Amino acid sequence: TQITVAAATAVARGIRKKTGLASEIKWPNDILVRRKKVCGILTEMSAELDKIKYLVLGIGLDVNFSERDFPEELRSIATSLRVELGREVHRAELAAELLRELDSDYGRLREGKFSAVAEEWEQNCTTIGQNVEIAVGPRKIEGRAESLDPEGALLVRTQHGRLERIIGGDVTLRT
């Protein structure tokens with residue numbers, strides 16, 4: 001979870017630096033621009049009790065899609081940097097910036113500074129402070145997203161006052 005949080009923070013920061021667009025994080029792995037999804041982040045890991053065998057980080061960023069490249073049913077919820085800027089983005093320069101930011105945040109994690117990454121993440125997260133519904137398999141959890149725990153899980157206060165620790169699921173913001 002920490003890697004996903006660090007990646008989201010790095011990608012959001014890299015987009016802002018390279019394009020000037022305000023980017024936000026929707027827990028745990030989406031980057032939004034003007035409330036539309038522009039990026040998704042997936043982390044896959046294989047581990048044993050005492051060590052990580054491997055970790056794969058995938059970042060899908062819609063860079064130079066035009067609006068017509070999106071299926072009709074996604075146009076109200078998805079976007080690209082090109083659509084938002086009104087011009088194409090140099091992908092190699094953007095990729096280099098994202099890699100610099102990822103390297104920086106990975107370094108912070110290795111130095112034990114996850115709390116600094118998490119603080120930046122929370123400042124850029126649209127989920128914190130919002131009423132949410134999270135689908136975890138067949139289970140639905142409803143409540144108010146409060147913060148991240150020290151490992152990067154989302155802490156949600158349910159309607160019954162219980163604090164639920166969420167490490168994954170499909171999040172819907174409720175108004």
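**View 1. Helix H1 crosses helix H3 in a predicted model.** The axes of helix H1 (residues 2-19) and helix H3 (residues 91-110) come within 8 Å and cross at roughly 140°, where axes are lines fitted to C-alpha atoms, for helices over the stretch in contact, and angles run from 0 to 180 degrees between N-to-C directions. This angle makes H1 oblique to H3, because angles under 35 degrees count as roughly parallel, over 145 as roughly antiparallel, 65 to 115 as roughly perpendicular and the rest as oblique. Helices (H or I, at least four residues) and strands (E, at least two) are DSSP runs, numbered from the N terminus. This is a predicted model, in which local features need pLDDT of at least 70 and side-chain atom pairs count only at pLDDT 80 or more, while totals for chains, interfaces and linings use all residues. Residues are numbered from 1 along each chain as its sequence is written, and side-chain values use heavy atoms, with hydrogens and water left out.

**View 2. Residues at the contact of H1 with H3.** H1 passes H3 in a right-handed crossing (left-handed if the near helix is turned anticlockwise from the far one by less than a right angle, right-handed if clockwise). Among the residues making the contact are Ile 3, Ala 7, Ala 10 and Lys 17 of H1, together with Leu 94, Leu 98, Glu 101 and Tyr 106 of H3, contact meaning heavy atoms within 4.5 Å. By class, this contact has 11 nonpolar, 3 polar and 8 charged residues; Ala, Val, Leu, Ile, Met, Phe, Trp, Tyr, Cys and Pro count as nonpolar, Asp, Glu, Lys and Arg as charged, and the others, Gly among them, as polar.

View 3. Strand S2 (residues 30-33) pairs with strand S3 (residues 36-47) in the antiparallel sense over 4 bridges, and two strands pair if DSSP finds at least two bridges between them. Asp 30 stands opposite Gly 40 in S3, and the S2-S3 hairpin has 2 residues between its strands, with Arg 34 in the turn showing a positive phi of about 55°. S3 is also joined by 9 bridges to strand S4 (residues 52-61), again antiparallel; here Ser 46 has Tyr 54 of S4 as its bridge partner, and 4 residues lie between the two strands of this hairpin.

**View 4. An open sheet of 5 strands.** The strands follow the order S8-S7-S6-S5-S9 with antiparallel pairing, and the edge strands, S8 (163-166) and S9 (170-174), each pair on one side only. Neighbouring strands of this sheet are turned by 45° against each other on average, direction ignored. Strand S7 (residues 154-158) is joined to S8 by 4 bridges, with Leu 155 opposite Arg 165 in S8.
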